[in-house]
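Here is a quick tour for anyone opening this structure for the first time. Have a look at it, and then we'll walk through it part by part.

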Amino acid sequence: MTRHIVALLVLSAPLAAAQETDAARLARARAILERAPLIDTHNDLPSMLIERNGGDLAGLDLGVVHPELCADVPRLREGGVGAQYWSVFTDSANMKTNRSLHEALREFDVVRRLVRSRPEFELARSADDIERIRRSGRIASLIGVEGGHMIEGSLAVLRIFHELGARYLTLTHWDTIEWADAATDRNEHEGLTEFGESVVRELNRLGMFVDLSHVSAETMHDALRVSRAPVIFSHSGARAVDPHPRNVPDDVLQLLPKNGGVVHVNFIKEFVSPADPEWQRRRKAALEELHAGLDDEKAVAAGIADWEKANPHPGGTIAEVADHIDHIRKVAGIDHVGIGADFYDAGTTSMVPGLNDVTRYPYLFAELLRRGYTDDDLLKIAGRNHLRAMRQMEKVAER
Ligand SMILES: [Zn+2]
């Protein structure tokens, strides 16, 4: 090729990108996800199945579309999902009645039965498993435990969770626990206690990710100091984009290149929309006003429902989810971004419009292509970053 033609091609490349249609970008995104695999690190189908009928799977065929659920095989396939972490979750209120472990075991039981219920699923316990299962045309299924309260203060329980297939532990959920502070509750320990640090070390030893979604910034810093393996944020955003306390601050993002960890970006409108904090502030004021004027809790609930109808949540957009990814790339680098949507209901009210169910991942990747991300960038975000971090984590466990 003459130098002349090369120069022409180089000059016309940005023009071609600008002219690429939405449909063409979407087709390209789908083709890239075919190669990826796309690994999503958080989906709450197990809890939905327990709420639905106690987790009875008889008569439930996940091989057909269930719009009322947050996942099924045909829609995962349409969305390009190659590996899914199913969440073992029970509310931290169960701490009060010492039922967290009991409820966690119900969740493990449902995950394992749901995986066995379809030939398209197979339980994956390692990065190699994910790639092998993906190559065989099936969806690798992994388990993440969302909340350190479920180990009930016992490293033995943690080891049994690992045996059952768990590959990450989110140190807290919404509430502070006896050994770690949550982002959305009182700051009781200024991060991790000594026992909290021993949980991190045991996770390293076992080969489970330390998951820092939901924890306070101090807990993030403590865990990053103690952990010898890469950490993950299984479903978080960037605090600089939406200052929700549950999102990751810049001084933590800056530590990720050294640690090797990955922030998996979620699609929940509350944690995505930059307009959320202002809306929350106005809602809180409306609620206080209602409480001042009304004694009856029912009347207050009806009043705030009316207020929400008149003042809908700002919702967020696909572009704003991409803004979180842009920011994490800018501060931590392209090797430290992944996807963890956190689908937990039918999706219409909870999730960013346009990313409301598991078929929609390609639309986000098309938006990233529009912003000039390369194929290689997309492959990393989709799953290669997670696989790389997982292999590093597995190596630490071997030692
Ligand atoms: Zn969560």
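## Where H2 meets H16

H2 goes past H16 in a right-handed crossing; by handedness we mean that a crossing is left-handed if the near helix is turned anticlockwise from the far one by less than a right angle, and right-handed if clockwise. The two helices, H2 (residues 22-35) and H16 (residues 361-370), pack at an angle of about 115 degrees, with axes 8 Å apart. So H2 is roughly perpendicular to H16; angles under 35 degrees count as roughly parallel, over 145 as roughly antiparallel, 65 to 115 as roughly perpendicular and the rest as oblique. Axes here are lines fitted to C-alpha atoms, for helices over the stretch in contact, and angles run from 0 to 180 degrees between N-to-C directions. Helices (H or I, at least four residues) and strands (E, at least two) are DSSP runs, numbered from the N terminus.

Before going on, note that this is a predicted model, where local features need pLDDT of at least 70 and side-chain atom pairs count only at pLDDT 80 or more, while totals for chains, interfaces and linings use all residues. Residues are numbered from 1 along each chain as its sequence is written, and side-chain values use heavy atoms, with hydrogens and water left out.

Which residues of H2 and H16 make the contact? On the H2 side they are Arg25, Leu26, Arg28, Ala29, Arg30, Ile32 and Leu33, and on the H16 side Tyr361, Pro362, Tyr363, Phe365, Ala366, Leu369 and Arg370; contact means heavy atoms within 4.5 Å. Sorted by class, the contact of H2 with H16 has ten nonpolar, no polar and four charged residues. For the classes, Ala, Val, Leu, Ile, Met, Phe, Trp, Tyr, Cys and Pro count as nonpolar, Asp, Glu, Lys and Arg as charged, and the others, Gly among them, as polar.

## A closer look at Arg28

Arg28 sits in helix H2. Leaving aside residues up to four places away in sequence, Arg28 touches Glu20, Leu369 and Asp375. Its relative accessible area is 32%, so Arg28 is partly exposed; buried means under 20% relative accessible area, exposed over 50%, partly exposed in between (1.4 Å probe, protein chains only).

## H16 and its other partner

H16 also packs with helix H17 (residues 375-398), at an angle of about 145 degrees and with the axes 10 Å apart. H16 passes H17 in a right-handed crossing. From H16, Phe365, Leu368 and Leu369 meet Asp375, Leu378, Ile381 and Ala382 in H17. The residues of this contact divide into six nonpolar, no polar and one charged.

## H13 against H14

Now for another helix pair. Helix H13 (residues 276-293) and helix H14 (residues 297-310) pack at about 145 degrees, their axes 10 Å apart, and their crossing is right-handed. H13 brings Trp279, Arg282, Arg283, Ala286, Leu287, Leu290 and His291, which meet Glu297, Val300, Gly303, Ile304, Trp307 and Glu308 in H14. By class, that contact has seven nonpolar, two polar and four charged residues.

## H3 and what covers it

Helix H3 (residues 45-53) has Leu45, Pro46, Ser47, Met48, Leu49 and Ile50 as its buried residues. Their cover includes strand S1 (38-43), strand S2 (81-88) and helix H5 (100-116). Just after H3, Gly54 takes a positive phi of about 75 degrees.

The peptide bond from Ala36 to Pro37 is cis, with omega near -10 degrees, and Pro37 lies in the loop between H2 and S1.

Glu190 is a residue other than glycine with a positive phi, near 55 degrees. Glu190 lies in the loop between strand S5 (166-170) and helix H8 (194-206), and at 64% relative accessibility it counts as exposed. Asp342 has a positive phi too, near 70 degrees, and its place is in the loop between strand S9 (337-339) and H16. Is Asp342 buried or exposed? At 6% relative accessibility, Asp342 counts as buried.
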